[in-house]
Amino acid sequence: MTHLSLETFVAELNELRVGAERMLAEATDAAALESARVAFLGAKSGRLKTAQRGLGQLAKADKPAGGRHFNAVKQEVDALFAAAHERVSAPIDAHRTTAIDVTLPGDSIRLGRVHPLTQTIRRVAAIMSHLGFEVVEGPEVEDQWHNFEALAIPAEHPARDPLDNFYLSVASHAEPLLLRSQTSTVQIRVMEERDPPLRIVSLGRVYRPDTADATHYPMFHQVEGLLVEPGITMAHLKSVLRSFASSFLGGDVHVRFRPSFFPFTEPSVEVDMEWNGRWIEMGGAGMVDPAVLEAVGYDPETVSGFAFGLGVERIAARRFGVADIRDFYRNDVRFLEQFSDRGQA
Ligand code: DAH
């Protein structure tokens, strides 16, 4: 009878162990685990059983060494099976709770923030709300009545020049519409709909075909304020603007009026505010012209009002120390992220 060599016996057992290792590692459920068990540890024709029969074919002198190796491999395969069994039958939730340590520091999260112009608009709106002004909105595409005529800007007025406005050609309208050139349009829209008394503020985009430079842009934002009720004077206008400026810029801000002209106010003024020892132009204002009150059906004998229009970019540039308003529109995150909106309304 020819004997099985010890080398062949050991090599076959080693190969069996590697095979068991691979199959158990790939087993992810109970059924796969059972197949692996039958294939390697099966009592009748499992590979270990088959290998055990080879033990009898070894030369007598090789039997002790062969037996030791067989036992070692069997123990290893048993241990691999036990570990795989534990892994496959562990509840999923247990895996999860042990896999995530919530106390470890996380990746740093980049927080976004509100655009500095939006911050400014919200802040202005909040301050004006505290002063009793309701925030209202108006359309950006306007007709000539609301942008010009009701505001006492007649057809021949230079402000209506096609070179100074974005007129739209809309076939269904005899008269061209335009992108509003000022938020004063909202004064008319609100007065047409409501009776006095009223206190409103409107913040939004306006459009003019200006060449972009450090202080101009073809689209910019305005704050429009309007207060109409019996007995309103320039003193009310000045105190409201002064309260606003003090709240917005902080401290006791001085407000200065310079004589000016706007078709829809009489008298009209330019508004300057003193801040850090410098006088800054903030916009225009005045007493609502009686012709405007009449255009919306109000009686100028019983009510009077004031109006003002300020530039949002100008206010924001002052507050944040920005020298070129074009920076607000470049969408460069390195610029925008410098303006913290924490603690802002
Ligand atoms: N609408 C004017 C402009 O765009 C600003 C303005 C001036 C608004 C006087 C007003 C006002 O309400 O009373 O230049």
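How far does a polar side-chain atom of Glu-224 lie from an oxygen atom of the ligand? I looked this up first, and the distance is 2.6 Å, which I log as a polar contact, defined as a pair of N or O atoms within 3.5 Å (within protein, one must be able to donate a hydrogen and the other to accept it, and residues adjacent in sequence count only if both atoms are side-chain atoms).

Before going on, I note that this is a predicted model, in which local features need pLDDT of at least 70 and side-chain atom pairs count only at pLDDT 80 or more, while totals for chains, interfaces and linings use all residues. Residues are numbered from 1 along each chain as its sequence is written, and side-chain values use heavy atoms, with hydrogens and water left out.

**Ligand contacts**

I then turned to Arg-208, where an N or O atom of the side chain is 2.8 Å from a ligand oxygen, and to Gln-187, where the corresponding distance is 3.0 Å. For the ligand taken alone I find an exposed area of 350 Å², of which the protein buries 90%; accessible areas come from the Shrake-Rupley method with a 1.4 Å probe, and for residues only the protein chains shown count as cover.

**The shell**

I listed 15 residues around the ligand, with Gln-182, Ser-184, Arg-208, Gln-222 and Glu-224 coming nearest; a residue is near a molecule or strand if one of its heavy atoms lies within 4 Å of it. Sorted by class, the shell holds 5 nonpolar, 8 polar and 2 charged residues, where Ala, Val, Leu, Ile, Met, Phe, Trp, Tyr, Cys and Pro count as nonpolar, Asp, Glu, Lys and Arg as charged, and the others, Gly among them, as polar. At least two shell residues come from each of strand S6 (219-229), strand S9 (278-288) and strand S10 (304-311); strands (E, at least two residues) and helices (H or I, at least four) are DSSP runs, numbered from the N terminus.

**Backbone entries**

I checked the peptide bonds next and found the one from Pro-196 to Pro-197 to be cis, with omega near 5°; Pro-197 sits in the loop between helix H8 (185-193) and strand S5 (198-207). The bond from Glu-266 to Pro-267 is also cis, with omega near -5°, and Pro-267 belongs to strand S8 (residues 265-275). For Ala-152, a residue other than glycine, I noted a positive phi near 60°, and I placed Ala-152 in the loop between helix H7 (144-147) and strand S3 (166-168).
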